Amino acid sequence: MDGSRPNVLLIHCHDLGRHLGCYGVDVETPAIDALAADGVLFENHFATAPQCSPSRGSLMTGRYPHVNGLMGLAHTHWEFHEDERILPHYLDDAGYETHLFGLQHVTQDTDDLGYDHIHSEGNLFPGVSPSVHQTNRAQAVSAVVSSFLERGGYEEPFFASIGFFECHRVEEENGRFGFDADRYDTDDPDEVRPLTYLPDRRGIRQDLAEMHGMVRAVDDGVETILAALEDAGLADDTVVVFTTEHGIAFPLAKGSCYDPGIEATLVVRYPDVADGGRRYEQLVSNVDVLPTLLELLGIGVPDDLDGRSFLPLLTDDGYEPRDRVFAEMTWHDLYNPVRAIRTERYKYIRNFWDLPAVYLTKDIFASEAGREVRETYGVPPRPYEELYDLRNAPQEDENVAFEPRYQDARRDLSRQLYEWMDGSDDPLLDGPVTPGNYDAIQTWPHESA
């Protein structure tokens, strides 16, 4: 280490939400719990989108999905706007050697990301199915990272993005989407704690029990990497960030702007800055991670970012807490245009289309949990406006948007949401957003002959 800047490990996974022991969930995750005990944990960290690519895009750019252009999944013809800058670009300019391990899901072509070294086996390229990500299981990826650290295959300072496939569902027999129970050590469905926002039904318990196997695999992968970092003598000189992109792959979570959909883990460790097992209750958005890292590393923070650094919170240096976070969804496997604002007290949601009561992504719709609720959730209509008093109804199960005593809050949050959309040139204000492959849809074979 040259003493000027620390290394950075950004460890991330799929569909985890805050489903960890250190967040009070009934699953054993000793390695991540220990990381939180040595570092800091954010109790109220939220993603900008309840889906993979748009949320990951915000993490990597510090900008909202409709601002950076990644409003849908990367393998469905959505991409960043031209010249959009991401975290490895900033760090490369600052002299960092940049490495990609495991998956990324922010572009259809991994080479476009500009990493100095790509150590992944399964990478997205044009025409390749996203199922290629399944090669990037935590056990395999962490072994590659461990070998990399052991042999000293780097120049300091370095940045490593480390992506695990877990806890993404996989397509199994008869079109069912589950958590690959044959590969992992799962729990007894009768012993798991039910989710508070879903009915306590057998299929939901079965999926939860299976998912716990994937959660433990993520924890084992983190343990492998942190042990290798320690053995290499780099632990004191490395910022470690562990996070995920959105909530777990269950109804009312992934694909939803309710709290279970946009809640996300955020644990950071860096000696003398992010340490001591502190836990922060302040609202934090994943657009804030990039500017925080840049400020911590002494790199200029661009003025056009949507996020704001929370480094002053860690250093007790006059941090002004957020009073709101925003979330959005536009395209996933179907059109689901939603914008939301969350404060400590309220959640206000605007739905911009005729939509089913609850949007179920393909993998959730065809899951055991999805089958338990889809006859109720998969039918219209969803109200165009939703307002939840999180103090009185933390499960967001009582829409008070049209109750007389909440009209002041409704109007105030509506104004704030509109001003955010208008000030950031949200294309949804101009009407429906066409799919990423709209030009191909509009192509007529007889005209291209």
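In helix α8, the buried residues are V289, L290, P291, T292, L293 and L294, where buried means under 20% relative accessible area, exposed over 50% and partly exposed in between (1.4 Å probe, protein chains only). The helix spans residues 289–296 and is mostly covered, with six of its eight residues buried. Helices here (H or I, at least four residues) and strands (E, at least two) are DSSP runs, numbered from the N terminus.

A quick note before we go on: this is a predicted model, in which local features need pLDDT of at least 70 and side-chain atom pairs count only at pLDDT 80 or more, while totals for chains, interfaces and linings use all residues. Residues are numbered from 1 along each chain as its sequence is written, and side-chain values use heavy atoms, leaving out hydrogens and water.

Let's turn to a pair of helices. Two packed helices are described by the angle between their axes and the distance between the axes. Helix α5 (residues 138–151) and helix α6 (residues 202–231) have axes that come within 9 Å and cross at roughly 5 degrees. Those axes are lines fitted to C-alpha atoms, for helices over the stretch in contact, and angles run from 0 to 180 degrees between N-to-C directions. The two helices are therefore roughly parallel to each other, since angles under 35 degrees count as roughly parallel, over 145 as roughly antiparallel, 65 to 115 as roughly perpendicular and the rest as oblique. From α5, the contact (heavy atoms within 4.5 Å) involves A138, S142, V145, S146 and L149, and from α6 it involves A217, V218, G221, T224, I225, A228 and L229. Sorted by type, these residues are eight nonpolar, four polar and no charged; Ala, Val, Leu, Ile, Met, Phe, Trp, Tyr, Cys and Pro count as nonpolar, Asp, Glu, Lys and Arg as charged, and the others, Gly among them, as polar.

Charged side chains come next. A salt bridge is a side-chain nitrogen of Lys or Arg within 4 Å of a carboxyl oxygen of Asp or Glu, and by this rule the count comes to 32. One of them joins R279 and E43 at 2.7 Å, N to O.

Another salt bridge pairs E245 with R56 at 3.5 Å, N to O. E245 sits in the loop between β8 (238–244) and α7 (259–262), while R56 is in helix α2 (residues 52–61), 189 residues apart. Here E245 is buried, with a relative accessible area of 3%, and R56 is buried at 6%. There is also a network of salt bridges that links R169, E172, R176, D207, E210, E368 and R371.

Finally, look at strand β9 (residues 266–269). In a regular strand the side chains alternate between the two faces of the sheet. In β9, L266 and V268 point one way, V267 and R269 the other, and all are buried. Strands pair if DSSP finds at least two bridges between them. β9 runs antiparallel to β2, with two bridges joining them, and L41 stands opposite V267. β8 is also antiparallel to β9, joined by four bridges, with V240 partnering R269.
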